[in-house]
Amino acid sequence: MNNGDKRRNRKRDRSSKRYKVRYDRLVAAVLVLVVLIVVLASCAHACSDKDKDKNSANKKQATSANNTQQSSIIDDLVTSSETSSLITGTPDGQKPSESQYVNEKFKAEDIHRGDLVLVNLDNEYKFPEDDIELVSVYENITGEYYHVSDLNQKLHKPVLDQLTALMKSFYEAENNSDIYVIGTYRSKGNQDDIYWSGRSQFQSGYSDYHTGRSFDIGIFPTDGSMTGYYSPRGVYGYVDEHAAEYGFIVRFPEGKETFTHEQARTYTYRYVGVPHAVYMKQNNLCLEEYIDALKGHNNENPLEVAANKKLYQIYYVPANKTGDTEVPLPSNKTYSVSGNNVDGFIVTVTMN
């Protein structure tokens, strides 16, 4: 091999080596680029995941906050619903006129029924069915607190129950059982006999005893002293003093003869109900005056009476002359309705 060939061979070897080095660098560069791409892709993916996580967290927080808000709203609605379900009208202490009302129909003949029926020379008792539940006084008392004159005396059962409660209170306070029931319910026949014998000015139908709510009492001590009709003297004054607390009034009080058309007497009592009896006693009214006074009070302007730690509101509703009468009644209170036997209805509402 000559020198010229050697030089060509060395030049060819150098050229081969140079191209090889450049290829390696290219491969290396490609590898680096690939690595960079992978790294960038990883970073982008990681950032994307972080954004997703952040967005997810934000969504969760938003959802949680929204759920909490909805839960709060639901709780409020539940609380509101529970509260309103406990209040079917308006809270205690408000007038019936501020309550929710329902109208109930009463028939024309219903004005002749109830504890507040007025019976006198001008207003006949009609003896309506189901107005009173007559029971024997003798068969329904023990004789421990008071007594009855004979086996024939009868009273409306709720009246007898209240009379027994009053007499028990009297006995416990005064240790005395001298009081007797001596006159009670009268049928038409009974009243006719009394009228024609001259012992009463009331013909049958016009006597308050027809109601089963009026009665006479007497005092018959075991020692025989002071025998006769009841009068509020000495220890017996307890009965008259506390009678209204049990729903009783003196039916023919002194000074009211112009209204009752009957001679005053201290021994005839009539059951009308606690708030009515208390108001009448406090204001010195007989039953005739009270029935008339109530006509100035409707459901928007009721009469308020406090008795035995209870508050009552009382109002009058005029009856239609013909047909049914719609009587407004509070839907959220305990109440009772009585006819007045004249021209309307009296509603008594217990406020507490």
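Guide: Happy to. Let's start with Phe106, which is buried, because its relative accessible area is 13% and the cut-off for buried is under 20%. Keep in mind that this is a predicted model.

Visitor: Which strand does Phe106 lie in, and which residue does it pair with?

Guide: Phe106 lies in strand E1, residues 101-106, and its partner Phe345 is in strand E14, residues 344-350, so the pair ties together parts that are 239 residues apart in sequence. Phe345 counts as buried too, at 1% relative accessibility.

Visitor: How many aromatic pairs does the structure hold?

Guide: There are 13 aromatic pairs. In the one between Phe106 and Phe345, the ring centres are 5.3 Å apart and the planes stand at 45°, so this pair is tilted.

Visitor: What about Tyr180 and Phe220, how are their rings arranged?

Guide: They are edge-to-face, with 5.4 Å from centre to centre and 80° between the planes. Tyr180 belongs to strand E5, while Phe220 sits in the loop between E6 and strand E7 (228-229), so this pair ties together parts that are 40 residues apart in sequence.

Visitor: Which rings are linked into a cluster?

Guide: Ring pairs join Phe215, Tyr230, Phe248, Tyr269 and Tyr271 into a cluster. Two of those names, Tyr230 and Phe248, come back when we look at the largest nonpolar core, as the residues with the most contacts inside it.

Visitor: How many residues does that largest nonpolar core have?

Guide: It has 28 residues. H2 gives the largest share, with 6 residues.

Visitor: Let's switch to charged residues. Is Arg251 buried or exposed?

Guide: Arg251 is buried, with a relative accessible area of 0%. You'll find it in the loop between strand E8 (248-250) and helix H5 (257-260).

Visitor: Which side chain does the side chain of Arg251 make a polar contact with?

Guide: That of Glu288, at 2.9 Å. Apart from neighbours within four places in sequence, Arg251 is also in contact with residues including Leu118, Asp208, Thr268, Tyr269 and Leu287.

Visitor: What does the charged end of Arg186 sit over?

Guide: The ring of Tyr209, 3.9 Å from its centre.

Visitor: Last one: how many helices and strands are there?

Guide: The chain has 7 helices and 14 strands. Of its 352 residues, 38% count as buried. Among contacts with a separation of 6 or more, 65% are between residues 24 or more positions apart. The chain exposes about 20400 Å², and carbon and sulfur atoms supply 50% of that.

Notes: Residues numbered from 1 in each chain as written. Predicted model: local features only at pLDDT ≥ 70, side-chain atom pairs only at ≥ 80, totals over all residues. Heavy atoms only, no water. Core = buried A, V, L, I, M, F, W, Y, C linked by side-chain atoms within 4.5 Å. Buried < 20%, exposed > 50% of the residue type's maximum accessible area, 1.4 Å probe, protein only. Helix = DSSP H or I, 4+ residues; strand = E, 2+ residues; numbered from the N terminus. Phe/Tyr/Trp six-rings, centres within 6.5 Å; stacked < 30°, edge-to-face > 60°. Lys NZ or Arg CZ within 6 Å of the ring centre and 35° of its normal. Polar contact = N/O pair within 3.5 Å; in protein donor to acceptor, adjacent residues only side chain to side chain. Contact = heavy atoms within 4.5 Å. Areas by Shrake-Rupley, 256 points an atom, 1.4 Å probe, with all protein chains shown as cover.
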